[in-house]
Amino acid sequence: MIRFEKVTKAYPGHPHPALDNISVDVEKGEFVFLVGSSGSGKSTFLRLVLREYRPSSGRVYVAGKEINRLASWKVPRLRRDIGTVFQDFRLLPNKTVTENVAFALQVIGKSRKEIKDLVPETLEMVGLSGKGDRMPDELSGGEQQRVAVARAFVNRPMILIADEPTGNLDPTTSVGIMKLLDRINRTGTTVVMATHDSGIVDQMRKRVIELENGHVVRDQAQGVYGHQN
Ligand SMILES: Nc1ncnc2c1ncn2[C@@H]1O[C@H](COP(=O)(O)OP(=O)(O)OP(=O)(O)O)[C@@H](O)[C@H]1O
């Protein structure tokens, strides 16, 4: 589903590349944690999948397509297939919960009928039935992140990318969000999540890819957060 072939990404003005000749394969339906200290290259990896950046060298494939060769006008189509969740929720503050989730469908041209069916169904799935008319600032952090997850998943994307989705949440709330991501993964959606949350990684025992200075230093099935000697 995602393939990096000898990918290097160097930012202008930086002496060391953020990713240095990495090759990684993520199969359809996998759940992968990306771990590594701050600056190790996790966000750069995720941004390359979204084609927010192009690699300096090497190839990135998503669903069999080499995305660096996509014409710019095809990039929005690629991003439709990839839901995103971030640490800081990124909800539209002047829209209700329902409107936030519906908006994701409106921008890709879904019919009113589809929106009417999909939004309540997805809000129910994330445990927010009955809160559709609330504004984001009337919700707890955990609830806001549930809205963000609903928005990312309402279109049933092939891939869900999460960049430190539990970074602003307490441990109990984090577990709730992880249960949701796990449930989404079980529907067949490939999940790639960058995180510093060792408790979550150790609890879930999914594949762990560790980056260090732009290199893959560990790729472990049913892995843990830290090194095991
Ligand atoms: N837009 C950018 N321009 C220049 N350098 C960047 C840019 N984004 C990231 N970098 C550099 O690339 C390296 C990798 O950064 P990246 O954000 O991918 O790391 P990260 O593992 O996601 O870190 P964190 O855990 O702090 O989010 C760092 O040295 C960073 O300073």
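Which residues of helix α3 (residues 97–106) are buried? The legends below take up this question and then turn to the ligand and the sheets.

The model is predicted: local features need pLDDT of at least 70, side-chain atom pairs count only at pLDDT 80 or more, and totals for chains, interfaces and linings use all residues. Residues are numbered from 1 along each chain as its sequence is written, and side-chain values use heavy atoms, with hydrogens and water left out.

**View 1. The buried residues of helix α3.** Val 97, Asn 100, Val 101, Ala 102 and Leu 105 are the buried residues of α3; buried means under 20% relative accessible area (1.4 Å probe, protein chains only). These residues pack against α4 (112–125) and α5 (141–153), where contact means heavy atoms within 4.5 Å. Helices (H or I, at least four residues) and strands (E, at least two) are DSSP runs, numbered from the N terminus.

**View 2. The surroundings of the ligand.** The ligand is surrounded by 14 residues, of which Ser 38, Gly 39, Lys 42, Ser 43 and Thr 44 are the closest; a residue belongs here if one of its heavy atoms lies within 4 Å of the ligand. This shell comprises three nonpolar, nine polar and two charged residues. Asp, Glu, Lys and Arg count as charged, Ala, Val, Leu, Ile, Met, Phe, Trp, Tyr, Cys and Pro as nonpolar, and the others, Gly among them, as polar.

View 3. A polar backbone atom of Gly 41 is 3.0 Å from an oxygen atom of the ligand. The ligand taken alone exposes 630 Å², and the protein buries 66% of that; the areas come from the Shrake-Rupley method with a 1.4 Å probe.

**View 4. An open sheet of four strands.** The strands follow the order β2-β1-β4-β5 with antiparallel pairing; two strands pair if DSSP finds at least two bridges between them. At the edges stand β2 (19–26) and β5 (65–66), each pairing on one side only. Five bridges join β1 (residues 2–9) to β2, and Lys 9 stands opposite Leu 19 in β2.

**View 5. Strand β9 and its partners.** Five of the six residues of β9 (residues 207–212) are buried. Strand β3 (residues 31–35) pairs with β9 in the parallel sense over four bridges, and Val 35 has Glu 210 as its bridge partner in β9. Five bridges join β9 to the antiparallel strand β10 (residues 215–220), where Asp 219 is the bridge partner of Ile 209. Two residues lie between β9 and β10 in this hairpin, and Asn 213 in the turn has a positive phi of about 50 degrees.

How values were computed:
Buried means under 20% relative accessible area, exposed over 50%, partly exposed in between (1.4 Å probe, protein chains only). A polar contact is a pair of N or O atoms within 3.5 Å; within protein, one must be able to donate a hydrogen and the other to accept it, and residues adjacent in sequence count only if both atoms are side-chain atoms.
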